[in-house]
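Hi there,

Here is the structure I promised to pass on.

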Amino acid sequence: MTVADAFVDLRSDTVTRPTPGMREAMAGADVGDDVYGEDPTVNALEAEVAALFGHEAALFAPSGSMANQIALQLVVPPGNELLCDADAHVVTYEIGAAAAYGGISSRTWPAVGADVDPDAVAAMIRPDGYWAVPTRAIAVEQTHNRGGGGVIPLATLRELRRIADDAQVALHCDGARIWHAHVADGVPLADYGALFDTLSVCLSKGLGAPVGSLVVGSADKIERARFLRKRMGGGMRQAGILAAAGRYALAHHVERLADDHAKAARLAEAIAPFGVLATTVRTNLVPLDLTKAPMDAHALAAAARAEGVLVSVLGPRTARLVTHLGVDDAGIDRAVEVLTRVLRG
Ligand SMILES: Cc1ncc(COP(=O)(O)O)c(C=O)c1O
């Protein structure tokens, strides 16, 4: 029996398994050697995703981390600076890659999740010159993972674009869950795409593909990205089998994210009376702040696990629940029953 069969797994939306339809699409995929640019399914996926975001080109990469790091290397030369949130995935969970691979210096604004203050970001930008590290790019995360799945409003992003243009720096979007923002706020993906020089978007989180992210940008940038991907060991061969899963996910699993958001809202409503919700729930992430709870995050996770529900521990007193296509209504019922019992103490 697998973990998915034995538990209601709310740790992450990366735990999904391919659906039968997705497996069928993968099995039937037309493939070729993608390092030669000859995989028709990869080429089709790249063209599709570029068009969705209104950009010229896109590049399939094995992971969201690699897609982010390729994009950052495109817009920040070694020894230059990236600005981002202190809780951004690119500086929290990518194991120092920007510095290790790109020679990139990162400076962060205090963690604010999706509540980015464009004026505060503008005030951090350092101009070109020989006396200080020049800022070359600003990165934002849509939706914001450690920010509890918050959605940065379109107006804020437009203001950041204006600031980036004025300062002649690039704007990158870690859009691992940009699909969730699109569904939650009804903003067309092309409207998001128009605001960024580069985006990374992920097929293997909420969309349910087993593997894969894409870097999106201009034709020139993506040509360079292909070189950087190979250098980082991310050149794949008959990757069409994976790209087919991604194409299937884009066709079938975007609009259904509204279900995941509704399920997360149900979880949030059930546990709100315990005073442990860290923030308003907007998408599929339900962040818990257990500072005032009778138990810490490890105790909560252990007690829930003993009753068949898996919860993610993010810190001693912070935990997270995530809804995704592997959790149905019965699973949410079960999670509500178990978590409310455990939180009652
Ligand atoms: C916001 C965000 N960006 C990037 C990534 C990295 O994706 P991967 O695990 O495929 O490297 C994640 C993973 O959860 C994420 O949440």
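**A threonine and its surroundings**

The side chains of Thr198 and His172 form a polar contact at 2.9 Å. Before going further, please keep in mind that this is a predicted model. Thr198 belongs to strand 7, which covers residues 198-202. Its relative accessible area is 1%, so Thr198 is classed as buried. Setting aside residues within four places in sequence, Thr198 is in contact with Ala71, Leu74, Val75, Leu171, His172, Cys173, Val216 and Lys221. His172 therefore turns up both in that contact list and as the polar partner of the threonine, given that a polar contact is a pair of N or O atoms within 3.5 Å.

**The ligand site**

Which residues surround the ligand? The shell consists of Ser63, Gly64, Ser65, Asn68, His89, Glu94, Glu141, Asn145, Asp174, Ala176, Arg177 and Lys205. By type, these split into 6 polar, 5 charged and 1 nonpolar. Helix 4, residues 64-75, contributes the most to the shell, namely 3 residues.

- A polar backbone atom of Gly64 is 2.8 Å from an oxygen atom of the ligand.
- A nitrogen atom of the ligand has a polar side-chain atom of Asp174 at 2.7 Å.
- The side chain of Arg177 places an N or O atom 2.8 Å from an oxygen atom of the ligand.

On its own the ligand has 390 Å² of accessible area, and the protein covers 83% of that.

Is Arg177 buried or exposed? With a relative accessible area of 5%, Arg177 is buried. Besides the ligand oxygen, the side chain of Arg177 has a polar contact with the side chain of Asp13, at 2.8 Å. Not counting residues up to four places away in sequence, Arg177 touches Asp13, Gln142, Thr143, Asn145, Lys205, Asn284 and Leu285. Asn145 and Lys205, which are among those neighbours, also belong to the shell around the ligand.

**Two loop residues and a helix end**

His324 is in the loop between strand 12 (318-322) and helix 15 (329-344). Its relative accessibility is 3%, so His324 counts as buried. Leaving out neighbours within four places in sequence, the contacts of His324 are Asp9, Ser12, Asp13, Val15, Thr16, Arg256 and Asp260.

Gly234 is in another loop, between helix 11 (219-231) and helix 12 (240-252). At 0% relative accessibility, Gly234 is buried. Apart from residues within four places in sequence, Gly234 is in contact with Pro62, Met66 and Arg229. Gly147 is 87 residues away from Gly234 in sequence, and their C-alpha atoms are 29 Å apart.

Ala27 is in helix 2, residues 20-27. With a relative accessible area of 68%, Ala27 is exposed. The C-alpha atoms of Ala27 and Ala244 are 8.6 Å apart, although 217 residues separate the two along the chain.

**The chain as a whole**

The protein chain has 15 helices and 12 strands. Why does its radius of gyration agree with that of a compact globule? A compact globule of 345 residues would come out near 20 Å, and the chain has 20 Å. Along the principal axes, the C-alpha trace spans about 60 × 50 × 35 Å.

Of the 345 residues, 54% are buried. Among contacts with a separation of 6 or more, 73% are between residues 24 or more positions apart. The chain exposes about 14,200 Å², and carbon and sulfur atoms supply 52% of that area.

Best wishes

Key
Residues are numbered from 1 along each chain as its sequence is written. This is a predicted model: local features need pLDDT of at least 70, side-chain atom pairs count only at pLDDT 80 or more; totals for chains, interfaces and linings use all residues. Side-chain values use heavy atoms; hydrogens and water are left out. A residue is near a molecule or strand if one of its heavy atoms lies within 4 Å of it. A polar contact is a pair of N or O atoms within 3.5 Å; within protein, one must be able to donate a hydrogen and the other to accept it, and residues adjacent in sequence count only if both atoms are side-chain atoms. Accessible areas come from the Shrake-Rupley method with a 1.4 Å probe; for residues, only the protein chains shown count as cover. Helices (H or I, at least four residues) and strands (E, at least two) are DSSP runs, numbered from the N terminus. Ala, Val, Leu, Ile, Met, Phe, Trp, Tyr, Cys and Pro count as nonpolar, Asp, Glu, Lys and Arg as charged, and the others, Gly among them, as polar. The radius of gyration is taken over C-alpha atoms; the globule rule is 2.2 Å times the number of residues to the power 0.38. Buried means under 20% relative accessible area, exposed over 50%, partly exposed in between (1.4 Å probe, protein chains only). Contact means heavy atoms within 4.5 Å.
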